[in-house]
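Reader: I would like to go through the terms one by one. Please set each value against its definition.

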Amino acid sequence: MNVIPTALPEVLIIEPKVFGDARGFFMESWTEPKFNAACGYDVRFVQDNHSRSSQGVLRGLHFQLPPHAQGKLVRCTAGAVFDVAVDMRRSSANFGKWVGVELTGENHRQLWIPPGFAHGFLVLSETADFLYKTTDLYAPQAEGSVRWDDPAIGIDWPKLGVEFKLAEKDAKAPLLADAKSFD
């Protein structure tokens with residue numbers, strides 16, 4: 001496994017070792033000891049989620065606050081997404097900063113988004129299957145969100161030539177200045 005730091009040091013790109021031949025490929029998508037060594041602390045996943053979305057669907061930016069803060073290990077198994085993490089820790093020098101990575105079924109890349117960060121993605125392909133492991137169970141009472149198009153964050157979302165499709169709660173999410181946050 002290859003680990004690539006991003007501009008937000010806690011957010012990591014994980015590139016599993018892929019073994020391929022004429023029959024297809026094999027890879028370990030997650031191995032606890034290797035993953036924990038890569039991120040520098042023990043991570044315990046308690047839930048797996050799978051979503052399928054069509055082109056132009058934008059999900060996020062979501063997070064959960066303590067005591068149910070979630071870390072997420074995310075990947076796209078079919079299609080392509082632009083995946084984003086935003087630092088939501090007010091005490092961080094990187095508060096409100098973001099990183100974005102293209103995840104595809106072909107590049108097998110994963111993104112580790114630790115607790116304290118909002119997460120969202122935009123579907124680039126006709127459809128995309130998106131899988132993610134979480135370090136805590138979904139807890140609606142701990143849910144937080146921030147606007148996907150907040151100019152204070154300034155995410156440079158890819159231009160698709162189609163209108164983005166958002167859930168009502170994502171379209172009405174608060175701006176960074178008004179959003180719940182960590183610390």
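Reader: What makes the place of His 62 a strand?
Author: His 62 sits in strand S6, residues 58-64. Strands here are DSSP runs of E with at least two residues, numbered from the N terminus. This is a predicted model: local features need pLDDT of at least 70, side-chain atom pairs count only at pLDDT 80 or more, and totals for chains, interfaces and linings use all residues. Residues are numbered from 1 along each chain as its sequence is written, and side-chain values use heavy atoms, with hydrogens and water left out.

Reader: Which residues does UniProt list for "active site"?
Author: The unreviewed UniProt entry lists His 62 and Tyr 132. Such annotations may be inferred rather than shown by experiment. The two are spread over 71 residues of sequence, yet they cluster in space, with a largest C-alpha distance of 13.3 Å.

Reader: What is His 62 in contact with?
Author: Contact means heavy atoms within 4.5 Å. Leaving aside neighbours within four places in sequence, the partners of His 62 include Lys 72, Phe 117, His 119 and Asp 170. Tyr 132, in strand S12 (residues 127-134), also touches Lys 72, and its other partners include Gln 47 and Val 74.

Reader: Why is Tyr 132 called partly exposed?
Author: Its relative accessible area is 22%. Buried means under 20%, exposed over 50%, and partly exposed in between (1.4 Å probe, protein chains only). Tyr 132 is therefore partly exposed.

Reader: What makes the space lined by His 62 and Phe 63 a cavity?
Author: A cavity is a set of points on a 1 Å grid over the protein atoms alone where a 1.4 Å probe fits but cannot get out. Lining residues have an atom within 4 Å of a point. The largest cavity holds about 30 Å³, and one cavity of 30 Å³ or more is counted. Volume is the space filled by probe spheres set on the points, which are joined across faces, edges and corners.

Reader: What is the largest nonpolar core?
Author: A nonpolar core is a set of buried Ala, Val, Leu, Ile, Met, Phe, Trp, Tyr and Cys residues joined through side-chain atoms within 4.5 Å. The largest has 22 residues. Leu 61, Val 86 and Trp 157 are among those with the most contacts inside it. Strand S8 (80-87) is one of the elements that supply at least two residues. S8 gives the largest share, four residues. A second, separate core of 18 residues includes Ala 85 and Phe 117.

Notes. 1 Å grid on protein atoms, 1.4 Å probe; cavity = no way out; pocket = protein on both sides within 12 Å on 5 of 7 lines; lining within 4 Å.
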